[in-house]
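Have a look at the picture, then read on.

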There are 2 protein chains.
Amino acid sequence: MNRFVLCSSLFVLTGLLSVPAASVAAAPGGQHADEVDPRIGTGGDGHLFPGATVPFGMIQLSPDTAMPDFKHAYKWAAGYQYGDPTIMGFSHTHFSGSGHSDLGDVLVMPIAGDVKLDPGDEKVPGSGYRSRFDHATEVEHPGYYAVTLSDYGVRAELTATQRVGWHRYTFPTGKPAHVLLDLRPSIYDYAGKVLWSNLQVRADGTVTGCRTTRGWAPGRELCFAMRFNQPMTSRELYNRETDLLYKGFKGPGNQPVDQNAQNGRAIVGVFDFGDLKQPLLVKVAISPVSEANAIANLDKDGQGWAFDQHRDEANAAWNKALAAIDVDGSPTQRTQFYTALYHSLMAPNLAMDANGDYRGPDHQVHHADGFNFYSSWSMWDVYRAQQPLLILLHPDRTVDFVRSIIAAQEASPFHMLPVWAYEGLETWCMTGYHAVAIISDAYVKGIRGFDADKAMHAMVSTATYGDYGDLADYMKLGYVPIDKEVEGGSKTQEYAYDDWAIAQMAKAMGKNDIYNTFEKRATYWRNVWDPKTGFMRAKLSDGQFREPFDPASAGYGDDYTEANAWQYSWYVPQDVAGLVTAMGGDKAFTDKLDQMFDAKVDPAIFKDVEDITGLIGWYAHGNEPSHHIAYLYDYAGEPWKTQQRLKQIMDNEYGPGPAGLIGNDDLGQMSAWYIFTALGFYPVTPASTEYAIGRPFVPRAAIHLSNGHTFTVTASPMDNDHPYVGAVTLNGKPLDRVYLKHADILAGGELHFTMQAEPNKTWGQDISARPTAMSPYTH
Amino acid sequence: MNRFVLCSSLFVLTGLLSVPAASVAAAPGGQHADEVDPRIGTGGDGHLFPGATVPFGMIQLSPDTAMPDFKHAYKWAAGYQYGDPTIMGFSHTHFSGSGHSDLGDVLVMPIAGDVKLDPGDEKVPGSGYRSRFDHATEVEHPGYYAVTLSDYGVRAELTATQRVGWHRYTFPTGKPAHVLLDLRPSIYDYAGKVLWSNLQVRADGTVTGCRTTRGWAPGRELCFAMRFNQPMTSRELYNRETDLLYKGFKGPGNQPVDQNAQNGRAIVGVFDFGDLKQPLLVKVAISPVSEANAIANLDKDGQGWAFDQHRDEANAAWNKALAAIDVDGSPTQRTQFYTALYHSLMAPNLAMDANGDYRGPDHQVHHADGFNFYSSWSMWDVYRAQQPLLILLHPDRTVDFVRSIIAAQEASPFHMLPVWAYEGLETWCMTGYHAVAIISDAYVKGIRGFDADKAMHAMVSTATYGDYGDLADYMKLGYVPIDKEVEGGSKTQEYAYDDWAIAQMAKAMGKNDIYNTFEKRATYWRNVWDPKTGFMRAKLSDGQFREPFDPASAGYGDDYTEANAWQYSWYVPQDVAGLVTAMGGDKAFTDKLDQMFDAKVDPAIFKDVEDITGLIGWYAHGNEPSHHIAYLYDYAGEPWKTQQRLKQIMDNEYGPGPAGLIGNDDLGQMSAWYIFTALGFYPVTPASTEYAIGRPFVPRAAIHLSNGHTFTVTASPMDNDHPYVGAVTLNGKPLDRVYLKHADILAGGELHFTMQAEPNKTWGQDISARPTAMSPYTH
């Protein structure tokens with residue numbers, strides 16, 4: 001297929017964004033899937049997977065090159081590292097760019113010839129069932145992946161529907177064909193992670209099973225149902241556990257030898273098909289609830305054997321989702337843009353069976369009535385730009401998302417909204433309760449279709465659960481004391497922002513008591529502001545700042561979450577003007593921003609903190625606490641410096657190849673930052689209706705809104721010689737403010753940027769031109 | 001309560017059956033529960049529990065005195081040993097007399113004062129939460145148990161409904177009251193047995209959770225829901241695991257500290273109630289399916305707080321079930337009789353939730369439509385006498401039992417009927433496929449209400465599954481070769497009997513093909529008969545008997561299951577006449593029986609085979625292969641020797657105290673043997689309609705049949721001086737045959753035995769007077 005060849009050929013362009021290239025109009029007819037390169041971020045620390053999925057789908061069917069033990073697993077968070085020489089198999093679940101990880105469920109490997117039952121060593125060909133492969137044989141396309149497994153001569157193709165992974169294996173003739181199913185491996189593997197698994201071959205040839213793992217979400221059960229388009233000639237089910245405590249004590253039992261079923265902690269199945277004359281098709285449905293539901297999912301979403309049709313449908317689903325923005329630019333730019341948009345449309349993931357069943361954070365089975373239940377919520381990341389992007393582009397999805405997190409709160413034994421959840425279960429990873437920001441952002445931007453009272457109840461319930469992250473002391477003292485709770489500094493800041501988000505929705509709903517309570521809490525960031533050092537700092541229970549203090553220090557147990565004082569002191573998105581004042585006014589504020597960006601920093605200082613990457617001075621684009629910082633010059637009268645910093649970031653932190661992401665994509669947050677920034681504006685303060693204006697990086701982008709309107713951003717001249725905004729017009733009228741309103745976009749129209757070689761140091765100077773999210777407190 | 005005092009006072013009569021005692025008429029009004037002493041078999045190797053349950057109920061709420069590790073656990077198969085000094089707590093599931101074991105789920109302990117979180121050492125008072133107790137404070141009664149926990153001064157009372165265990169705890173005043181729930185301990189405990197557990201306190205105060213264990217049935221899940229009649233003042237949930245692999249890697253997570261929920265492998269909950277002025281009531285429902293179902297079971301079967309009412313209902317349920325037989329005899333005899341009947345009505349157990357959900361051997365959730373699903377099937381034991389007894393006394397139960405095992409077969413990944421199953425799951429313990437005997441026995445005795453075609457399909461499917469116990473070779477060679485499969489000798493014998501059982505039902509259904517196939521297989525016992533040594537022996541694949549051969553040898557890997565050649569060579573229940581002929585005719589046969597009973601055997605020879613107990617010569621009443629042997633004299637013209645041997649067994653192997661069972665009760669088989677034998681007849685060949693006549697041990701027993709008829713057995717004089725049958729009349733007419741027909745009983749009437757001091761060596765001599773189960777082959 002030519003479009004795949006085109007995708008593949010793009011790969012040779014890897015490396016430099018600034019290659020001069022003629023601007024090319026968007027592909028006609030919305031065929032943007034052809035412009036996506038799923039390889040971006042599959043190397044380095046991007047933690048992205050190259051395999052087949054549909055937007056927000058339950059299945060991410062993708063090759064795994066390694067599933068190392070826990071301590072060495074960071075680089076393999078998505079199961080695949082572009083530099084690896086072998087493929088272990090194809091598993092059905094993957095996170096898209098997560099920092100921590102799990103999943104890699106239902107690993108399937110086609111084998112021609114002799115079967116080895118363990119994966120073996122990638123450095124010793126033939127030592128196990130894994131196979132070498134050549135990148136030249138890979139095809140990566142939205143909804144489709146193919147590779148030739150060279151040790152077996154097997155061509156493997158993968159596609160996906162919502163709940164079903166489809167495999168097409170073309171075996172060489174003359175060698176017996178097998179499919180191996182290994183229920184042992186898991187992303188972030190470690191001894192004892194698999195608590196239990198079972199596998200059975202049913203009378204009709206359907207292979208089903210479940211696996212319970214003690215991974216990131218402890219006690220997670222994942223079931224599956226698998227069918228083949230040709231009958232097995234035989235099959236063998238193995239229990240590979242070596243320390244079977246019980247076996248020796250069984251007495252005169254006589255368990256069948258040739259089994260239709262196996263259960264235990266190390267189950268492997270091998271399904272034999274003899275010498276195949278035609279490709280073997282395999283389809284696998286999963287369910288977080290039960291084998292019966294997995295079978296029902298297969299029956300519902302996986303009828304027939306039309307692999308090509310499903311590939312085309314997946315492609316069409318991506319084209320439809322990506323059609324929300326038509327962008328002009330060089331092929332490389334467009335590849336980066338649409339790949340970023342593709343990666344913004346990965347999560348959350350459908351976590352509900354075809355019959356509406358899903359598993360909640362109480363590990364119980366619940367039933368979704370009138371909505372689709374989604375999970376895979378990396379809240380600390382995605383509330384910043386990825387969810388705001390979806391609110392803009394796909395507000396119908398947002399309705400389901402909000403209903404899903406309210407449902408999760410209702411099922412939570414803690415009565416809390418999700419923090420970091422997947423497949424309905426909670427991991428408690430990271431900090432804050434940013435689900436409230438997503439709900440509030442949706443509400444203040446006019447999204448309805450969920451029960452606002454229930455939502456507000458869920459938000460307040462979450463924000464007042466004293467035993468979570470020492471909210472008890474936060475509510476009592478106005479800050480999180482570091483002698484009681486790690487990262488008390490940044491936690492105070494994050495809670496204050498989340499509280500402000502709650503207040504905004506309460507205000508919009510006319511709930512004044514709640515508004516007043518949480519507007520007050522929104523100012524608590526001031527309690528960790530140290531005017532003497534000029535940084536946010538953690539305080540002790542006695543009200544004193546913790547000593548000693550080193551603004552460069554970052555690490556577990558420190559004042560901040562995955563960051564140091566230089567990085568976290570900018571986090572007051574709800575009151576940037578207040579922060580400017582606290583820091584001594586515009587000049588002091590922008591000087592300090594310059595100082596941060598221009599600092600000489602040895603990256604080795606962060607060698608023990610995996611997430612702090614993509615350094616520009618202290619600025620770390622590889623991690624989320626930095627993401628809004630470049631836009632802060634806008635708030636102090638120097639928008640031209642925002643423009644300058646954004647170009648610096650876009651040039652250095654994003655690229656078109658496998659190493660094209662400087663840090664974890666974090667379920668689309670890194671990519672969504674790219675999309676907003678390329679469009680020229682960014683939601684510094686979700687739950688406000690304002691976007692800070694940066695500068696566009698494409699000559700033209702048309703956002704097709706669900707209300708039928710189109711909002712077009714144009715910029716000229718668009719080249720490296722004209723990096724600064726000279727003037728901005730909205731629908732032909734000069735726009736002096738350095739922010740855009742959500743209503744401006746919804747109304748449709750054209751935002752035009754006149755770009756110029758030198759900074760315009762007069763545009764956006766006036767205080768009234770600045771974003772005003774927290775105006776009641778600052779003006 | 002006086003009736004409990006009466007039960008308690010019976011205990012002093014322990015030891016001797018032959019104490020002269022006046023015959024006393026049965027208790028009026030069917031209050032036989034008052035005559036049961038649940039302590040019988042709770043010491044020694046009886047493996048019975050003293051706690052509260054209803055007939056065939058899902059709950060067996062009983063004190064546990066120890067749950068030692070796997071290798072030391074045999075004696076604690078029911079969680080309780082009469083000689084132990086302390087009680088760990090009260091758990092909700094127990095097998096009744098099993099040889100191997102599991103269960104002990106949802107262990108609850110009331111604590112007054114300080115709480116210790118581990119059970120501690122029974123030899124070091126105060127070292128843990130366990131408490132000392134005095135037998136004088138115990139009350140054991142069908143459906144009710146009470147004890148005073150002396151370390152805490154807590155009076156604990158237990159009762160049960162079908163799916164709910166009820167606790168009433170009276171705490172001393174002045175000390176804070178707590179209830180501890182420990183999800184770690186388990187009968188037959190070992191490290192790693194608890195795969196996962198979870199515990200949550202719901203908003204309404206309901207405590208729920210599930211535990212998955214890797215016990216006898218691997219991967220078994222048991223859920224529960226618990227409520228208290230008074231509000232908790234506080235509660236603490238602990239994870240006591242010390243090797244939490246994941247904890248250290250969690251990063252900046254902030255899981256709530258004071259939790260409503262916990263999960264892991266070592267979960268303990270403590271629920272606090274302050275200084276209570278009135279008894280605390282606790283009710284616990286269980287479910288093999290889900291927490292939601294456990295809650296629904298609690299809602300359905302556990303409304304309100306009427307502890308006394310439930311105790312009375314449980315008592316009434318027992319009285320109703322025990323009313324099937326009114327027996328005269330001394331108080332000790334009646335206690336033994338009704339306790340044996342009580343223990344015959346324990347299993348199988350309801351394994352279905354109130355909504356009809358149950359878990360099948362495929363570990364999946366199924367739904368019972370129009371029947372109650374029962375599990376706890378010790379098939380190798382209970383097909384012999386316990387299930388035949390229920391077919392006689394409670395045929396309505398049998399319909400559910402047969403439907404349950406057909407449903408289990410339909411859900412089996414192996415398409416096999418249960419072998420040793422509980423809570424729907426299969427353990428594969430012991431040998432044969434004796435479920436077929438239960439079904440056939442029911443069918444030939446006229447029980448309908450199940451789908452006979454489905455049943456026959458299930459039976460044939462089971463008996464032809466080649467990979468089970470080397471059925472493949474059995475079908476090919478006519479025997480199970482010992483070089484392929486352990487215990488090939490006895491397995492051949494058992495399969496042949498089971499095959500005969502299938503043939504009988506096929507014949508009754510007019511399925512001649514199946515009849516012919518399985519009648520032929522029924523003769524395969526001849527393939528392991530060695531005329532040279534005069535014993536059954538295992539053969540090798542080449543057709544030769546295995547050498548060397550020692551008829552005394554018994555042990556794992558040997559020719560027989562839990563037995564030696566002296567014990568197993570008598571097992572041809574389908575063709576005793578054929579065996580008589582093979583052994584050289586009547587005289588040689590009865591001489592060999594005498595030789596077996598009269599042998600001088602050092603019990604130490606069986607010290608490594610736990611089950612071979614209760615020796616009379618080589619005869620081992622403690623284990624099932626011997627159970628029919630005493631009746632075999634009937635088949636060779638010497639019924640007076642059957643009478644003599646039965647008295648020997650009744651006098652020596654059963655007693656009224658905690659040590660009153662010489663071996664495991666095996667889910668009621670030992671007790672059912674006692675009942676039949678006391679009544680004067682025994683089902684040597686289930687799936688025939690004949691009962692071999694022994695001699696009665698009670699002066700009068702009236703069997704109240706479900707068809708409204710009463711069949712009365714009378715005997716006189718009934719004393720130790722008249723141990724032999726002189727004459728027998730059925731409804732006044734002389735009965736010359738030494739067997740009773742099932743139809744004789746169903747018709748009602750009176751079977752009268754005239755007992756005498758000396759043997760009657762003429763009665764039952766004629767070959768036509770003998771049981772004829774296998775007559776087509778032998779006459």
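Which strands does helix H3 of chain A lie across? Helix H3 (residues 307-322) lies across E7, E8, E9 and E17 of chain A, running at about 50° to E8(A). Angles run from 0 to 180 degrees between N-to-C directions, with axes fitted to C-alpha atoms, for helices over the stretch in contact. Helices (at least four residues) and strands (at least two) are DSSP runs numbered from the N terminus.

Some ground rules: this is a predicted model, where local features need pLDDT of at least 70, side-chain atom pairs count only at pLDDT 80 or more, and totals for chains, interfaces and linings use all residues. Residues are numbered from 1 along each chain as its sequence is written, while chains are lettered from A and ligands numbered from 1 in the order in which they are written.

| Strand | Residues |
|---|---|
| E7(A) | 144-149 |
| E8(A) | 154-160 |
| E9(A) | 164-170 |
| E17(A) | 280-287 |

These belong to an open, antiparallel sheet of nine strands, ordered E6-E7-E8-E9-E17-E13-E12-E11-E15 in chain A. Strands E6(A) and E15(A) stand at the edges with a single partner strand each, so one side of each is left without a neighbour in the sheet. E11(A) pairs with E15(A) over four bridges (pairing takes at least two DSSP bridges), and Leu199(A) stands opposite Gln262(A) there.

Back to the helix: buried residues of H3(A) include Phe307(A), Trp318(A) and Leu322(A), buried meaning 20 or more other C-beta atoms, placed from the backbone, within 10 Å of a residue's own.

Notes
Contact = placed C-beta atoms within 7 Å. Buried ≥ 20, exposed ≤ 12 C-beta atoms within 10 Å, placed from the backbone.
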